[in-house]
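Hello,

Here is the structure you will be working with. Please look it over before reading the notes below.

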Amino acid sequence: MRQLAGPLALHAGFFSAGYGLLATFGVLRDATLARWAAVGGLAYVCGVIGVVSVTIVLLVAGVPLTMEGTGVVIAMLAAPLVVVLLRARPALRPPPRPSGAEAWIAVSLVGAFALVFLFGLPSVGLRPLDGFDAWNLWARKANLLFWDGELPSALFRGEPYARVHSDYPYLLPTYEALHLRSLGRFDPRAFHLPLWLLLGAFVWAAGLLASRVTRPAVWAPLVTGAAILSIPGLLTAYADVPLAYLLALAALSAGLWIERRMPADLAVAATLLAGCAAMKNEGLVGAAVIVVAAAGALAMARRRREVLLTGVAGAAVLVVAVIPWRVWLAANDLHGDLAVGQSVDPAFLASRLDRLGPSLEALHGQLITRGPLASLVPLALALAALAWRSRRLRPLAGFYVAVGALYFASLAWAYWISPLPLQFHLETSVARIAVGVMFLGLAAVLHLGGTGFLPPAAADGQAGDEVTS
Amino acid sequence: MTLLLQVIGVLLVAAVARAVVGSDRRLRVESGAVTAVAVVLVGFGALDGAWVTTRSLLTERSANARLSPSEYQGRGGTIFSAREDFLTFVDSRVPRAATVHLACACSDERDWISWRLSPRRFTERPQDADWLVFYRVQPQDADVPAGAYERLVRFEPGFELARVRR
């Protein structure tokens, strides 16, 4: 009973906390019941990020991980939900019925994905953990959090733990540890289930965001298709695919902020960026890249106030998701492999220049040989080139190209400065880290491709928006 | 270079689409054509992927449901040919809160053993541990003084367990 009720309560708690955050951001103002249902995936993702980020700050402050404490965190984050519900109950209007072939195609695709998701649930719950990084980097930390309820500091300074990357952020291990605690027992087969839930939430959330910029016949196959194609990577239980999901959602939210300048989009983007930064070190760089590119795009559109707000959002991400963790690492004398201080030293970089060419070549190779998911990158670049000719879309096109290019460059840079043999990186990680670039391509295709397939509500208003040059 | 050629190829498709449709809404037609290519590529790729994934999930489910605890706990160690029988033996004898020192003539396998026996904490020095695990090494060949531990429990030669003398 506990093994079912515990996880149900925890994951319902993530939903509640996420709804609370979205209510705070103003996403649920005057929402109907159908709208509440539509934002469920985004609520879950934001809820996980919110609850886990606060939990990590508490762990850093020395507060042990307990389910009671997690309940308090959830209640705090969900509190605005109560206020919204007391103020105005969601209107009980019947949800819009799909009409026309296009809507039915979208419903069928989402339904087919839902079937794969539901069939997969019992299977992933029995899957042994066998990937090296899965148990060595992520599950190991979740295990220690599960049993001890505190961050392992002195332990990870010891030689037996020299290769566990003690500097990697804790979003994934904490999320997994909470799931294990909700089960009430440690089960090495339980690690895939929370990741599987993230897959479902990604499709739900990306569908919602993309439905604002493109038609169902576009977002349904692209979002469900990319999700299906990411499943083999997700089931390695590494952090790369969950990070790719968060990067895509964050880029799409930031793209919406650039285009429509609604503060709610910026708040959602900031939450998702906090998730990226707390998921992996590449995610931190990805979050920084998205903030810088968004500010640059807004500056290009001469939106000073929005540039400032983007900077504030970036600072908030730093305060919540980066600084506490970095302070804790420094206080405990834990550090990673990469000598970031050295990494901008021209002499150091020049001495390792022989690593740059093969790194770029290997990453580029992933983008041209990985089939349908990788094809999103050239398609996104082509869409950006087309959108560049429209004065209205130019900042958006510049944003997506800058994000993709800088993120790609940051991956090559990490290989360039890494002390580990390059061949080791190329054999063990290039295939999985490139997925992040592909999912950024997905966000760009959804958003920029929307100019050709505007959603029905927007099509009338923007029909005259054409090439200006 | 190939990526650039792919982008140019996609732009050519967009140009052809505009020439065929002949609309004055240039951007919409061109980006519509590119998006249609994306939908077809990802959509058809995923159709195949969905079938393969669902089938393998269902097959794996029945196979994984039959695994014994030591089989699913030891799965990750198979790449090292780890001795799951010995690790199960240690797991059943050493308390979870104990500290362990591993004496082992191995490298990558150390990571697996410290994970497999988690949450027991592994120490750098034998004298800091409660228990000693001798793995693929004879106790007399290990870098551990003989007087450092109490009675040895032998699983088989080279795979032994001992409590540190206090």
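A residue is called buried if 20 or more other C-beta atoms lie within 10 Å of its own, exposed if 12 or fewer do, and partly exposed in between, with C-beta atoms placed from the backbone. This is a predicted model, in which local features need pLDDT of at least 70 and side-chain atom pairs count only at pLDDT 80 or more, while totals for chains, interfaces and linings use all residues. Residues are numbered from 1 along each chain as its sequence is written, and chains are lettered from A and ligands numbered from 1 in the order in which they are written.

Helices are DSSP runs (H or I, at least four residues), numbered from the N terminus. In chain A, helix H5 (residues 100-124) has 25 residues. From first C-alpha to last, H5(A) reaches 36 Å, close to the 36 Å expected at 1.5 Å a residue (1.5 Å times one less than the number of residues). Its buried residues include Leu109(A), Phe113(A) and Phe117(A). Among the elements covering the buried residues of H5(A) are H9 and H10 of chain A and H2 of chain B.

Contact means that the C-beta atoms of two residues, placed from the backbone, lie within 7 Å. Between the chains, chain A contributes 60 residues and chain B 51. On the side of chain A that touches chain B, H17(A) gives the most, with 12 residues. That side divides into 37 nonpolar, 14 polar and nine charged residues (nonpolar: Ala, Val, Leu, Ile, Met, Phe, Trp, Tyr, Cys and Pro; charged: Asp, Glu, Lys and Arg; polar: the others, Gly among them).

Regards

Key. Helices (H or I, at least four residues) and strands (E, at least two) are DSSP runs, numbered from the N terminus.
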